[in-house]
Every structure is written in C-alpha cells, then in structure tokens.
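Hello,

Here is the structure I promised to pass on. Please open it first, then read the notes below.

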Amino acid sequence: KRPKREPLPAHLPREEVIIDLPEGEKICSKDGAALQEISPEVSEQLDIIPAQIKVIRTIRKKYVCPCCQDEANIKTAVLPEKILPKSNATAGLLAYIATSKYVDALPMYRLEKIFERYGVVIPRNTMCRWMIQLLEKLTPLYNMMEEDLLSFDYICCDETRTQVLNEPGKTPQSQSYMWVRTRHGPGISPIVLFDYDPTRAKEVANQLLKGFKGYLQADGYGSYDEVCKNPDLTRVGG
C-alpha cells in the first residue's frame with residue numbers, strides 16, 4: 001500500500017514559479033473572445049539547497065599617527081573572540097561537524113570525503129582535535145545542565161549499547177554503553193545528558209545519580225538497585 005502523501009510543512013519558505021499561456025492562446029477557439037483568468041492550478045514540490053561552504057575574511061583596520069610614524073603607536077582593531085582561537089574553524093563549522101558526528105552518526109572519514117567534494121581539505125584528525133577542544137569549552141555548560149538536572153525532583157535514566165573501535169582492553173565487537181539522563185516537565189526546558197562508560201556497572205549509576213533526591217524512572221536492571229536504597233529517592237517503573 002502506497003503511503004499517504006502528507007502536505008509540505010507550512011513554515012517552509014515558498015518560491016513561486018508562474019507558468020502562463022502564450023498570448024495567442026488566450027482567445028476562445030469558438031467565438032474569438034478574450035479568455036478571463038480564473039483560479040489557477042497549484043502544485044508543490046520539495047526542493048533543497050545543498051550546504052554552501054564559504055570563507056570569512058576578517059579584515060582588522062590599522063591606524064598610525066601621520067606625524068611621528070611610530071610603530072609603537074599603531075592601533076589595530078581588536079579581533080573578535082573565537083571559540084577555538086588558534087583554529088580557522090567558525091562556530092558554525094564546528095556545530096556542523098558535531099551535529100553530523102554525534103546526532104547523524106557520520107564517521108569522521110565520511111565527513112572528510114564530503115568536504116573533499118566541495119574542494120576543501122579537512123583531515124579527520126583535525127576534526128577530532130576540534131571536537132576535543134570543543135568539549136573542553138563546553139564542559140562548564142554541561143556541568144551547569146547536570147547541576148540543574150540533579151536538582152529536579154524527577155528524572156529518567158537508561159543505558160544503551162554502543163560499539164567503540166580500538167578501545168583499550170576490548171575487542172571492536174564488544175559492547176560499551178551510553179548512559180542517558182533526561183529531565184522533562186511542563187513549563188521547563190528539557191535536559192538530555194549523555195555519558196559514556198565501558199560498562200553498565202552499578203558504580204556508574206551511583207556516580208551519575210549522586211546527590212539526586214526525588215523520583216527516578218528507570219527499568220528493572222540491577223545497576224540501579226543500590227542507588228535506589230537512598231531513602232530520599234523513589235524508584236518508579238520504566
């Protein structure tokens with residue numbers, strides 16, 4: 001059975017292409033009267049503009065006194081602060097790489113090939129280094145979100161399997177885990193935090209939920225048993 005075609009989202013911008021009859025056909029073939037325009041036939045197609053890569057040139061103007069020509073008195077406009085000061089990546093490029101890697105699950109070697117199609121060389125080890133540096137920059141934000149999450153009286157916690165290549169002491173086929181803590185509620189901004197660990201041991205749950213008081217929604221896995229012994233914590237079914 002063919003799926004029902006849903007209408008295209010109303011929030012997308014529309015570009016109108018108007019197709020008119022030639023002037024010679026705007027006459028009735030029976031009596032020669034001029035035809036009157038009525039309601040048109042309208043159809044819509046979905047289009048996409050591929051990603052565009054551009055270079056932003058930052059030109060900092062410099063000034064010097066015309067009288068003394070002293071280099072010590074040369075004034076240069078201040079360079080705006082960058083999230084990674086010693087790189088040539090903008091915040092937009094870093095966000096694109098992070099989203100492609102961690103949301104769309106695109107490996108760095110595929111991203112490298114994608115950029116090559118645009119004529120840009122960004123080695124995968126460079127992108128990896130950028131992501132590590134970006135992590136260091138965003139750690140304070142993560143810490144604030146974690147503090148806010150643990151101060152709430154209701155959170156969800158679960159762990160999902162993932163595979164890691166070249167992890168010390170483990171084969172590529174072995175299972176590792178991404179622990180996910182979430183906070184949802186009416187009138188508040190949701191928080192979703194991901195924490196990686198090679199195991200799903202109880203020590204991980206104890207650390208991630210340390211200091212939490214309230215209702216914990218989780219499944220029946222035994223890793224949560226010890227942390228749920230806390231009298232200030234109530235476990236509800238997952």
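Which side chain does a polar contact of 2.6 Å join to that of Arg-200? The side chain of Glu-159. Bear in mind that this is a predicted model.

**Glu-159**

Start with this residue. Glu-159 sits in strand S3, which covers residues 154–162. Its relative accessibility is 9%, so Glu-159 counts as buried. Besides the pairing with Arg-200, the side chain of Glu-159 has a polar contact of 2.6 Å with the side chain of Tyr-224. Now set aside the neighbours within four places in sequence. Glu-159 is then in contact with Tyr-177, Met-178, Trp-179, Arg-200, Asp-219, Tyr-221 and Tyr-224.

**Ser-176**

Next, look at strand S4, residues 176–183, where Ser-176 is found. Is Ser-176 buried or exposed? Ser-176 counts as buried, because its relative accessibility is 1% and the cut-off for buried is under 20%. The side chain of Ser-176 takes part in two pairings of interest. A polar contact of 3.0 Å links it to the side chain of Glu-167. Another polar contact, also listed at 3.0 Å, links the side chains of Ser-176 and Lys-170. Neighbours within four places in sequence aside, the residues in contact with Ser-176 include Thr-160, Arg-161, Thr-162 and Val-164. Tyr-196, Asp-197 and Pro-198 are also among them.

**H1 against H2**

Now the helices. Two packed helices are described by the angle between their axes and the distance between the axes. Helix H1 spans residues 91–102 and helix H2 spans residues 108–117. Their axes come within 10 Å and cross at roughly 130°. That angle is why H1 is oblique to H2. The crossing of H1 past H2 is right-handed. On the H1 side, the contact is made by Leu-93, Tyr-96, Ile-97, Ser-100 and Lys-101. On the H2 side, it is made by Met-108, Leu-111, Ile-114 and Phe-115. What kinds of residue make up the contact of H1 with H2? Seven are nonpolar, one is polar and one is charged.

**The loop between them**

Ala-105 lies in the loop between H1 and H2. Its phi is near 60°, a positive value in a residue other than glycine. Ala-105 has a relative accessible area of 56%, so it is exposed.

**H2 against H3**

H2 also meets helix H3, residues 124–150. The axes of H2 and H3 come within 9 Å and cross at roughly 115°. H2 passes H3 in a right-handed crossing. H2 contributes Met-108, Tyr-109, Leu-111, Glu-112 and Phe-115 to the contact. H3 contributes Arg-124, Met-127, Cys-128 and Met-131. The residues of this contact of H2 with H3 divide into seven nonpolar, no polar and two charged.

**Glu-112**

Last, a residue of H2: Glu-112. Glu-112 has a relative accessible area of 14%, so it is buried. Which residues is Glu-112 in contact with, leaving aside its neighbours within four places in sequence? They are Ile-122, Pro-123, Arg-124 and Met-127. For a sense of scale, Glu-112 and Leu-35 are 77 residues apart in sequence. In space, the two are 58 Å apart, C-alpha to C-alpha.

Best wishes

Key: Residues numbered from 1 in each chain as written. Predicted model: local features only at pLDDT ≥ 70, side-chain atom pairs only at ≥ 80, totals over all residues. Heavy atoms only, no water. Axes fitted to C-alpha atoms, helices over the stretch in contact; angles between N-to-C directions. Helix = DSSP H or I, 4+ residues; strand = E, 2+ residues; numbered from the N terminus. Parallel < 35°, antiparallel > 145°, perpendicular 65-115°, else oblique. Left-handed = near helix turned anticlockwise from the far one by under 90°. Contact = heavy atoms within 4.5 Å. Nonpolar A, V, L, I, M, F, W, Y, C, P; charged D, E, K, R; others polar. Buried < 20%, exposed > 50% of the residue type's maximum accessible area, 1.4 Å probe, protein only. Polar contact = N/O pair within 3.5 Å; in protein donor to acceptor, adjacent residues only side chain to side chain.
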